[in-house]
Amino acid sequence: MTLTRRALLIIATSASLMGIAHADQLDDIRKKGELVVGVLGTDEPNSFIDPKTREIVGYEVDLAKAIADKLGVKLRLKQLAVAARIPELQQGHVDLLAASLTHNKEREAVIDFSLTTFVTGQKVLVKKESGIKSLSQLGGKKVVTVKGGTQEPNIRKAVSTVDVVTFDTGPLAFQALQQGKGVAFVNDEVSLLDQFAKLGPAAAQYEILPTNLSVEPLALGLRKGETKLKAQVDGTLRELEKSGAAEQLFQKWYGPQTRLKFQTRSFKIDSDQVEG
Amino acid sequence: MPLLDFSPLLHGQFLDWLLAGVRLSLLLTLFALCLALPLGTLIALARLAPFAPLRAVAWGYVEAVRNVPLLAHMLFWYFAVPELLPDGLKAWLYAGHIEAVAALAALVTYTAAYMAEDVRSGLRSVPQGQWLAARALGLRHRDAMRWIVLPQALRATVPPLISQTLNLWKNTSIATVVGAAELMYQAQRVETASFRGFETFALATATYLGVSLLITAAGVLYQRRYPARPAAR
């Protein structure tokens, strides 16, 4: 046997052994006693660092807590970059993604999704002085957004001649917009509203264009084929919906008492289907 | 482990993106090299100047730049420096490729500090006797430097400078944080669109490695063709 063939055999064997070891993720999680959940930590109010406690908190963190409690294990959060979410999940560095993840058809080819946990749209924030009132005026202009999400493909689909520059996090992209390095900032509506609110009096210089670039159903991400884990996750979400706890969580992070001031919840946690 | 499949990346849109990234990375390297080398040489000369305040300024530059990570330089040149410019110039700059311009500025200041140290070492490797002989012949400091010391020093300096060029080529990847669409940026973009992360970064790595090996080969060839000759003492 040549050295190369032997090396290949070793790789193939260890790969299949790893396959067996990870045959069931749910058992592994129970054995480890902890559920590792990938979060962004930079996207208020889904997951962000509480300035007082320095801990990561948020809507999605609370959902992850509920799932860990249901499984009877400890919750461990792992902060991820937007672009690193799916690779980290595929490589098994996290068990679950709760990272402002859009559920779409393209991604269904590589990972599985839980029930939809939030519905948002993507919108465009511009400076009023730019005089931009509609998407079509963005043609040939520089638009900033976050790297690795659905924002870039969506704005390119809407305005084919747009010049997109992406950054690692929403706040960095927003900083570039504030300095005038782009005329518009594309992001999930919730993130935009949040950043809008953070501006304080300066918010008067900005406006959000009315057109929705897309409807973005957010869901938790799971590795492909982990049906037992998915059943547990979906079961927990269904219970939260039934008991009214899901509604309370929405009110806690998005409701009228928060900066985002959503009056009502326009969705229910009841389906894991999305439209193509 | 999912099977490797490079075919979606090797044609059409994804390949175009990657090639555009390689092009910008190469351009950044080339322009930064052409600007950093003369700047670095000037700083090295300033560090050896007979005038003490000039030496102090050059020393301050080298230490201040070398002791701050390149990532911080990038963010500084992109987010902070242009904001200090007058409004008209700022607007003109922002309308163009501010991302690439800021990345280039960061790479030039950063690389120049390292190159200055290499050139300075080369100058110091020329024995003191050569200086003394030049002065004895009646050459002024400037002329002694230009005709006697620099020609000998440059030969010794080329190999470390080639190694700095190698670093410069790899450092262009940091420009992705300020949105400059170089190879790393385009690789992330292809990964997001194709979900073929392993293959994409394998291609990007192979490109970095390939160009790096070419630069190394240039260094080896130079050293073979022009070995450093120690001057007689």
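Two strands pair if DSSP finds at least two bridges between them. I kept this rule at hand for the sheet entries below.

**Basis of the entries.** I worked on a predicted model, in which local features need pLDDT of at least 70 and side-chain atom pairs count only at pLDDT 80 or more, while totals for chains, interfaces and linings use all residues. Residues are numbered from 1 along each chain as its sequence is written, chains are lettered from A and ligands numbered from 1 in the order in which they are written, and side-chain values use heavy atoms, with hydrogens and water left out.

**Entry 1: a sheet in chain A.** I took helices (H or I, at least four residues) and strands (E, at least two) as DSSP runs, numbered from the N terminus. I found an open sheet of three strands in chain A, in the order β2-β3-β4, with antiparallel pairing. Its edge strands are β2 and β4 (56-57), each of which pairs on one side only. Between β3(A) and β4(A) I noted two bridges in the antiparallel sense. Ile49(A) has Ile56(A) of β4(A) as its bridge partner.

Entry 2: I looked up the peptide bond between Glu44(A) and Pro45(A) and recorded it as cis, with omega about 0°. Pro45(A) lies in the loop between β2 and β3 (47-49) of chain A.

**Entry 3: strand β8 of chain A.** Is strand β8 (residues 142-146) of chain A mostly covered or mostly uncovered? I found it mostly covered, since five of its five residues are buried (under 20% relative accessible area; exposed is over 50%, partly exposed in between, with a 1.4 Å probe and protein chains only). β8(A) pairs with strand β9 (residues 163-167) of chain A in the parallel sense, over five bridges. In β9(A), Val165(A) is the bridge partner of Val144(A).

**Entry 4: helix α8 of chain A.** Just after α8(A), Gly200(A) has a positive phi of about 65°.

Entry 5: Most residues other than glycine have a negative phi, and most peptide bonds are trans. Ser100(A) sits in the loop between β6 (96-97) and α5 (105-108) of chain A, and it counts as buried because its relative accessibility is 6%. Lys261(A), also not a glycine, has a positive phi of about 55°; its place is in the segment after α10 of chain A.

**Entry 6: two helices of chain B.** At what angle do helix α2 (residues 52-66) and helix α5 (residues 98-124) of chain B pack? I recorded about 120°, with the axes 9 Å apart. Axes are lines fitted to C-alpha atoms, for helices over the stretch in contact, and angles run from 0 to 180 degrees between N-to-C directions. The angle makes α2(B) oblique to α5(B) (under 35 degrees is roughly parallel, over 145 roughly antiparallel, 65 to 115 roughly perpendicular, the rest oblique). The contact (heavy atoms within 4.5 Å) includes Tyr61(B) and Val62(B) of α2(B) and Tyr110(B) and Ala113(B) of α5(B).

**Entry 7: Ala206(B).** I located Ala206(B) in helix α9 (residues 197-225) of chain B. Ala206(B) is partly exposed because its relative accessible area is 47%.
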